[in-house]
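Visitor: Could you take me on a close look at the paired side chains in this protein? I am new to this, so please go step by step.

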Amino acid sequence: MFNRIKNRVLTVVAPDQPALPAGPGQQSYGGGSGSGNRGGSGNKDYDSAGKRLPKKFQYARPPFLQLLTYDELKASADHNVRPIIVPRDISLLPWSTGYAECVNSGKSKWNEDQAAFHRQVLSHPSRQYHDLPYTYFGIYDGHAGYGAALAAANQFHYILHEKLVDIIDLLMPRVESENGGGMPLHATLPHPSLFHKQVSKDELIVGALEAAFADMDAVLAEDRDKYRNAGGCTALVALFILGKLFVANAGDSRGVLCKRVRRRKIVPVYHRPAGESNGVTEDGERRESEDEYEVVAEPCSFDHTPDTERPRLLTVGKHNPALLGGEYIAMEYAKKPTTKDLGARILYRQGAMKGWTYKTLTATDLKIPLITGMGKRSRLLGTIGVTRGFGDHDLKALGSNLPIKPFLSPHPDVVCFDLCQVRSEPTDENSDGEYGILVMATDGLWDVSESQQVANTVFGTLKRFPAERHRYTMVAQELVARSRGRANESGHWRLSDSRAAATVDDISVIVIPVYQYYREYREWTQTVAARNRVRSAAAKEVAAVPEAAVAREEPGVPVADLSSESSESEPPEEAQEAENNLNTINLPPASGKTTAPMGLADALPAK
């Protein structure tokens, strides 16, 4: 009896692990999908005829780590050592971006996290637009196997690119044509005045990200009958485009923009030196000794757990009681009800309620709550601890056959940062601080580290290595090392600066210097502006020749008549104004310094 119970528990907690490619003279490992601590089994490794389904992607680590052999993959998954893996060649990542990872302490056989980046260019087939470059980073935390995270790392960028191509006409500046103007606006899309609602470029990009998340989840659903069960994963994506940073998140991975900004001390009047007002001397010079820098952690995402998404989940359960199977109840109580409380009044709330109210406790209220636990220990249907992401289409609640997917969602929260609003040159000494360092990491880091602690570690490490080429990789390595901790004599992992338990989960961290992207973006806008100036000058020269010839042949025709004839063929004033907005790149004055960094956002239609 005991052995049967033990085997049942082990099957739920750690079923067969996914296979790795066999090394020379070795047999392959494992078979089915691995499992994390986030959900019950939903394995579907065989088709209806009993034939084992193939895997869509062979297990691998991110390509920029260059772990190409079986021995290297196996060594990276050593649960006793938990080695910290960093890129051998940092030039494979843009902007000297840092990356580091380490495997879990035995929760699953392989590291179920995945990371990816891609640099792409949006090019219109008609060539009437300038090419628009963009860069994408993604980090995916798998559970119940590595399949979903690996599929997202290999496929999501293709889906995102298609979504951006769909809106290419509305995003990119037009190339000046030979006759001095861009292609007619109405040739490719309706005039903005014909839209029933105002649509900004930011909303178009946010929509592209949201649609890409939905399509990635749909791809995993379609693959269920063709490939081995992929499990599920969270998704955290950063998109750098048009001088802006978009961060989309579904799950409990987290993005934080770590900044180091100037904070001025206000000196009391009776402490100020003579001739100085609030740190500014009579000659207008500011005393640097009165200034200091403050490290702040600006959130780029919000965790999606049963606890944080309680209103949404309770609303789904309230309006779809069949999903509860008669075993669960979509209510939350101020205190756990017992049989002794039957007939008594008890505080409760349900659905989207933010407050509490009374009800009389009945036997129905004694069913299992839809959401149990609090914080990171909260569980949906007693099974899964994350409520948004990709996959989990076959996931069932532990102890029952209830599907969990109807409560889950691939829809991301998207946050946008306009880098053109930063009042700092990307060549300043504090560029990292003003523009920020974007830290993207799976929950293995955040389980034991607060966002502010991470921000302090980031700038503390950068300060120790001000000129090191690998400094951002060293930051990522330091963050992973702190959250992994050290193994004590009993083999338990503990944080180095305390006796508290360290994380036992997989840890993956990306560290991105945002200002390096913005410097690259400004160079691109200057190139686009220079091309437009050359094209405009050439177009004016071409237009001047026919006009002079007509004037010589018909001396009696006034110049005003010629201009009036040409104006009749032009589009309406509103369309022409919108066209000029799309075609023009605002250039800085010929003399003097610009008050704000020049960006393409200044040249495109207002939001």
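Guide: Let us start with a term we need: a salt bridge is a side-chain nitrogen of Lys or Arg within 4 Å of a carboxyl oxygen of Asp or Glu. Keep in mind that this is a predicted model. By that rule, R254 and D303 form a salt bridge, with their closest N and O atoms 2.9 Å apart. R254 lies in strand β6 (residues 254–264), while D303 lies in the loop between β9 (291–299) and α6 (310–319), so the pair ties together parts that are 49 residues apart in sequence. Both R254 and D303 are buried. The idea behind such pairs is simple: side chains of opposite charge can pair when their charged atoms come close.

A search of the whole structure finds 25 salt bridges. Another of them joins E520 and R119, whose closest N and O atoms are 2.4 Å apart. What about their surroundings? E520 counts as partly exposed, at 30% relative accessibility, and R119 is also partly exposed, at 41%.

A further salt bridge links the side chains of D447 and K376, at 3.4 Å from N to O. D447 is in the loop between α8 (443–446) and α9 (451–464), and K376 is in the loop between β15 (371–372) and β16, so the two tie together parts that are 71 residues apart in sequence. With 38% relative accessibility, D447 is partly exposed; K376, with 41%, is partly exposed as well.

A pair of aromatic rings is described by the distance of the centres and the angle of the planes. The model has 18 aromatic pairs. One of them is the tilted pair of Y59 and W110, with 5.7 Å from centre to centre and 35° between the planes. Y59 sits in the loop between α1 (2–13) and α2 (70–76), and W110 in the loop between β1 (98–102) and β2 (113–122), so the pair ties together parts that are 51 residues apart in sequence. Buried means under 20% relative accessible area, so Y59 at 3% counts as buried, and W110 at 1% does too.

Next come W95 and F240: their ring centres are 5.2 Å apart and their planes meet at 75°, so this pair is edge-to-face. W95 is in the loop between α2 and β1, and F240 is in strand β4 (residues 232–241), so the parts they tie together are 145 residues apart in sequence. Both W95 and F240 are buried. They also belong to one aromatic cluster, whose members include F64, Y99, F117, F137 and W524.

Rings and charges can also meet. The charged end of R82 sits over the ring of W493, 4.9 Å from the ring centre. In a second case, the charged end of R471 sits over the ring of Y472, at 5.5 Å from its centre.

Most residues other than glycine have a negative phi. L242, however, has a positive phi, near 55°. L242 is in the loop between β4 and β5 (244–250) and is buried, with a relative accessible area of 6%. L381 likewise has a positive phi near 55°. L381 lies in the loop between β16 (379–380) and β17 (390–391), and at 1% relative accessibility L381 counts as buried.

On the surface, L347, W356 and Y358 form a nonpolar patch with about 290 Å² of accessible area together. L347 lies in strand β12 (residues 345–349).

Finally, step back to the protein chain as a whole. The chain has 13 helices and 22 strands, and 48% of its 607 residues count as buried. Among contacts with a separation of 6 or more, 71% are between residues 24 or more positions apart. The accessible surface comes to about 30100 Å², and 52% of that belongs to carbon and sulfur atoms.

Definitions and conventions
Residues are numbered from 1 along each chain as its sequence is written. This is a predicted model: local features need pLDDT of at least 70, side-chain atom pairs count only at pLDDT 80 or more; totals for chains, interfaces and linings use all residues. Side-chain values use heavy atoms; hydrogens and water are left out. Rings of Phe, Tyr and Trp (its six-membered ring) pair if their centres lie within 6.5 Å; planes under 30 degrees apart count as stacked, over 60 as edge-to-face and the rest as tilted. Helices (H or I, at least four residues) and strands (E, at least two) are DSSP runs, numbered from the N terminus. Buried means under 20% relative accessible area, exposed over 50%, partly exposed in between (1.4 Å probe, protein chains only). A charge sits over a ring if NZ of Lys or CZ of Arg is within 6 Å of the ring centre and within 35 degrees of the ring normal. Patches are made of residues with over 30% relative accessible area and no salt bridge: like charges are joined within 9 Å, nonpolar side chains (Val, Leu, Ile, Met, Phe, Trp, Tyr) within 5 Å. Accessible areas come from the Shrake-Rupley method with a 1.4 Å probe; for residues, only the protein chains shown count as cover. Contact means heavy atoms within 4.5 Å.
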